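The sequence and the structure come next.

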Amino acid sequence: MAEPPASRPRPLSERWLAFRNRLVANPRFQRWAAGFPLTRRIAHRNTRTLFDLCAGFVYAQVLTACVRLDLFAILAEGPLTVDALAPRLGLSPEKARTLLLAARSLDLVRNLPGDRFALADLGAAVVGNPGIAAMVEHHALLYADLADPVALLKGRPERTQLAAYWPYAEGASVAPGEAAPYSALMGTSQAMIAEDILEACDLSPIRYLMDVGGGEGAFLQAAAAHLPGRRLTLFDLPAVAERAASRLGRAGLGDRVECRGGSFHDGLPFGADTISLVRILHDHDDAPVRELLRATHAALAPGGRLIIAEPMAGTPGAEPVGDAYFGFYLMAMGSGRPRTSDELSRMVREAGFASVREHGTRRPLLARVLVAHKSGA
């Protein structure tokens with residue numbers, strides 16, 4: 001008869017972990033460690049990290065205030081004094097200084113001699129990436145849904161704001177008016193990473209690229225510059241594809257990109273030698289992801305390629321982005337989950353693809369790329 005689990009001795013590593021946790025939790029040890037030369041730096045770093053976790057919401061709201069008041073755009077014109085900035089921000093000099101000092105502490109701005117303030121690297125990055133400001137504004141919905149995170153975890157019955165914002169996540173039909181806000185946001189987020197994705201892939205074999213779930217066409221617009229004379233198709237829900245056709249037409253690509261409306265539940269248009277899924281799979285639960293991957297495999301020409309690009313769980317150096325940020329964001333949205341590269345690779349093979357390999361990107365925190373191949377004829 002097997003020994004009851006409770007009576008088995010715990011491994012040495014677990015006993016050491018339990019002892020260490022008891023020690024670190026002891027206030028007297030914490031105080032000693034903060035003063036002892038060999039542990040002081042670790043103790044100070046842990047204290048700062050824990051405080052940042054508690055104060056993270058405040059930091060995010062400082063960034064939100066900077067974006068809404070156009071602070072970064074104003075400072076992009078050049079350094080200004082507090083007295084010159086205050087009226088342009090619509091704030092009193094005292095409140096303007098409070099905001100500027102907070103932004104400086106977060107490395108968003110820097111102060112110069114003469115009581116002047118200028119952009120720091122992070123603030124300049126926001127100016128150069130409009131998608132960041134769009135996401136900052138969008139997070140107001142997420143903050144509202146996370147006001148009671150325990151209720152969210154336990155599955156409160158009422159509809160979340162993110163679920164209402166992304167109506168397709170609930171499997172509902174999407175009217176043109178409903179598509180406008182989320183399609184625009186998808187476009188800005190895709191534009192931020194399009195060049196990273198294209199750089200990671202060998203584009204020379206592509207003769208016909210179909211972007212599934214392509215939103216308003218930001219990725220295909222970037223791809224068009226790299227694929228002159230190649231056939232390009234965008235496939236998305238009818239209301240979204242209609243918006244894409246208008247946007248791409250204004251960009252001068254109306255005669256190059258075919259925009260087709262439909263649902264992958266009904267199958268995908270056949271014949272492309274390359275299909276891309278850019279920031280699509282993590283928005284869906286496992287069953288629809290498997291269905292989409294099977295539909296992609298069926299739609300590809302023999303020997304065709306599938307390009308998957310999205311943020312993934314377990315990315316080295318960016319672990320909180322996958323499991324903390326996207327884990328809770330997608331839970332509030334009501335659909336999808338972050339997946340590791342290995343999980344996605346396994347699902348791709350299960351869908352019938354012969355091989356799958358990861359291609360490195362410049363910014364894996366924002367997007368990692370998997371390329372899978374369908375067997376030839």
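## Aromatic pairs

In this predicted model, the count of aromatic ring pairs comes to six. One of them joins Trp 16 and Phe 19: the ring centres are 5.7 Å apart and the planes stand at 35°, so the pair is tilted. Trp 16 is exposed, with 52% relative accessible area, whereas Phe 19 is partly exposed at 39%.

The rings of Tyr 325 and Phe 326 form an edge-to-face pair, because their planes stand at 85° with the centres 4.9 Å apart. Tyr 325 is partly exposed at 27% relative accessibility, while Phe 326, at 11%, counts as buried. Elsewhere, Phe 29, Trp 32 and Phe 36 are linked into a cluster by ring pairs.

## The seven-stranded sheet

Seven strands make up an open sheet with mixed pairing, in the order E6-E5-E4-E7-E8-E10-E9. Strand E6 (257-261) and E9 are at the edges; each has a single partner strand, so one side of each lacks a neighbour in the sheet. On average, and with direction ignored, neighbouring strands are turned by 20° against each other.

Within this order, strand E4 (residues 208-212) pairs with strand E7 (residues 274-278) in the parallel sense, over three bridges. Opposite Met 210 stands Ile 275 in E7. Tyr 208 has a charged side chain over its ring: Arg 231 lies over the face, at 4.0 Å from the ring centre.

## Helices on the sheet

Helix H13 (residues 238-250) lies across strand E5 (231-236) and E6, and runs at about 160° to E6. Helix H16 (residues 341-350) also packs on the sheet, where it touches strand E8 (305-310), E9 and E10. The direction of H16 makes about 20° with that of E10.

## Arg 362

Which loop holds Arg 362? The residue is found between strand E9 (355-359) and strand E10 (368-373). Its relative accessibility is 62%, and because the cut-off for exposed is over 50%, Arg 362 counts as exposed.

Apart from neighbours within four places in sequence, Arg 362 is in contact with Asp 196 and Glu 199. With Glu 199 the side chain of Arg 362 makes a polar contact of 2.7 Å. Asp 323 is 39 residues from Arg 362 along the chain, and the C-alpha atoms of the two are separated by 21 Å.

Technical notes
Residues are numbered from 1 along each chain as its sequence is written. This is a predicted model: local features need pLDDT of at least 70, side-chain atom pairs count only at pLDDT 80 or more; totals for chains, interfaces and linings use all residues. Side-chain values use heavy atoms; hydrogens and water are left out. Helices (H or I, at least four residues) and strands (E, at least two) are DSSP runs, numbered from the N terminus. Buried means under 20% relative accessible area, exposed over 50%, partly exposed in between (1.4 Å probe, protein chains only). Contact means heavy atoms within 4.5 Å. A polar contact is a pair of N or O atoms within 3.5 Å; within protein, one must be able to donate a hydrogen and the other to accept it, and residues adjacent in sequence count only if both atoms are side-chain atoms. Rings of Phe, Tyr and Trp (its six-membered ring) pair if their centres lie within 6.5 Å; planes under 30 degrees apart count as stacked, over 60 as edge-to-face and the rest as tilted. A charge sits over a ring if NZ of Lys or CZ of Arg is within 6 Å of the ring centre and within 35 degrees of the ring normal. Two strands pair if DSSP finds at least two bridges between them. Axes are lines fitted to C-alpha atoms, for helices over the stretch in contact, and angles run from 0 to 180 degrees between N-to-C directions.
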